[in-house]
Amino acid sequence: MLDNNFIYNSYYKWWKNIDKSIFLVIVSLFFLGLFFSLVSTSLIASDKLNTNSYYFFIKHSIFVFLGFFILLFLSFVERKNLFNLSFLLFFVFFISLILVPFIGIEVKGSKRWMDLGGPFPRYQPIELLKPFFIILVSSALSFNKEKNLYLNYFFSSLILLPIILLLISQPDIGQSMLIILTWLAIIFVSGINLIVFFAFIFLFSSALLYLIFFIPKFEYIKNRILSFLDASSGDNYQSEKASEAITNGGFFGQGIGEGTLNSKIPEAHTDYIVSVISEEFGVLIVIFIMLIYLIFCFQVIKKIENEKDIKIKLILIGSISLILLQTFIHIGVNIRILPTTGMTLPFLSYGGSSIISTAILSGIILNLTKRRLS
């Protein structure tokens, strides 16, 4: 058995060295997610399942507590062990992503999920792969940087391209764009020549536009874009109802349980959680939540400024960029400045894979922002 003094000293060392302001923001966001899950999904459960009205909230709570355990573990381990574990898990989830087209589960015309059966829940491999993708790309870009800069960009693109090709085959353009934008954020901060950087942007933009507008498999995405640009050209039911919910909520909301968006749109508590919150609690609460995300970003960036290790800097930039980009896309869809993508809101949206992915990113951030002993 472990010595109690050893456990206490390890915990004390961990608590003493983590950034408590970042930890507090992360915990606050997860608890906000639990609260909004409780008030926004109980009606769905009672209507759809005619059973325990807290069905979705209980599932959400289980994933949050599991995610919190993962967060604590990743924030606790030594950095060397964190990187070694990340490389291993990257290949595990990459293999899962490869297997999706063969043994994955098809939902609404797309194969994005794996179901191991038995006690193991259904999960989305790309969600669990994203945090470790950031670590692998950052490691490649920081390896012997002065001598192999452009070779490092080449290797990082070799990590990116197979993932994008596998996502496109599902198809999942939303996650593809998120991964590409995160990769671009990391290589931009690494000090890439701007001409090369914009060449990458042009290349990926051209490839995505070609897929969307000229490949029949992606006809549904083209229809979403066209209906977004011209409301009369397609079905905008979900986005219209989400916008109505925000408008109906006003500044102070209609009150807990008074919102109707959950009964009008399937998966509103996942893809349109901001609209659900705005309808019941008002725009002021949504603005408050956005401020918490900005505080989170600011606290991490403050740590990056004082970090000398380029690898740590790139991982932190990639992690916070992924969270902020996903947050921007989710809110942008909800307020109709972006076409529908089906993107979850980190920390707050219902969904096991999304919660675990966010917890992994949070654990990595807490680990790499810890005070280092001299």
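**Close-up views of a predicted model**

View 1. Leu 291 is found in helix H14, residues 283-305. The model is predicted. Leu 291 is partly exposed, at 46% relative accessible area. This side chain belongs to a nonpolar patch on the surface, together with Phe 251, Phe 252, Leu 284, Ile 287 and Leu 294. The patch residues have about 650 Å² of accessible area together.

**View 2. Helix H5 and its bend at Pro 131.** H5 covers residues 125-142, 18 residues in total. From first C-alpha to last, H5 reaches 26 Å, close to the 26 Å expected at 1.5 Å a residue. H5 bends by about 35° at Pro 131. Of its 18 residues, 18 are buried, so H5 is largely enclosed by the rest of the structure. Just after the helix, Asn 144 takes a positive phi of about 45°.

View 3. An α-helix has 3.6 residues a turn, so residues three or four places apart point the same way. Both Lys 130 and Glu 127 are buried.

**View 4. A salt bridge between Asp 172 and Arg 112.** The closest N and O atoms of this pair are 3.7 Å apart. Asp 172 is buried, with 3% relative accessible area. Arg 112 is partly exposed, with a relative accessible area of 21%.

**View 5. A salt bridge between Lys 303 and Asp 19.** The N to O distance in this salt bridge is 3.4 Å. The pair links distant parts of the chain, 284 residues apart. Lys 303 is in helix H14, and Asp 19 is in the loop between helix H1 (4-17) and helix H2 (20-48). Lys 303 is partly exposed, at 29% relative accessible area. Asp 19 counts as buried at 12% relative accessibility, because buried means under 20%. The count of salt bridges comes to three.

Notes:
Residues are numbered from 1 along each chain as its sequence is written. This is a predicted model: local features need pLDDT of at least 70, side-chain atom pairs count only at pLDDT 80 or more; totals for chains, interfaces and linings use all residues. Side-chain values use heavy atoms; hydrogens and water are left out. Patches are made of residues with over 30% relative accessible area and no salt bridge: like charges are joined within 9 Å, nonpolar side chains (Val, Leu, Ile, Met, Phe, Trp, Tyr) within 5 Å. Accessible areas come from the Shrake-Rupley method with a 1.4 Å probe; for residues, only the protein chains shown count as cover. A salt bridge is a side-chain nitrogen of Lys or Arg within 4 Å of a carboxyl oxygen of Asp or Glu. Helices (H or I, at least four residues) and strands (E, at least two) are DSSP runs, numbered from the N terminus. Buried means under 20% relative accessible area, exposed over 50%, partly exposed in between (1.4 Å probe, protein chains only). The expected span of a helix is 1.5 Å times one less than its number of residues. The bend at a residue is the angle between axes fitted to the seven residues ending there and the seven starting there.
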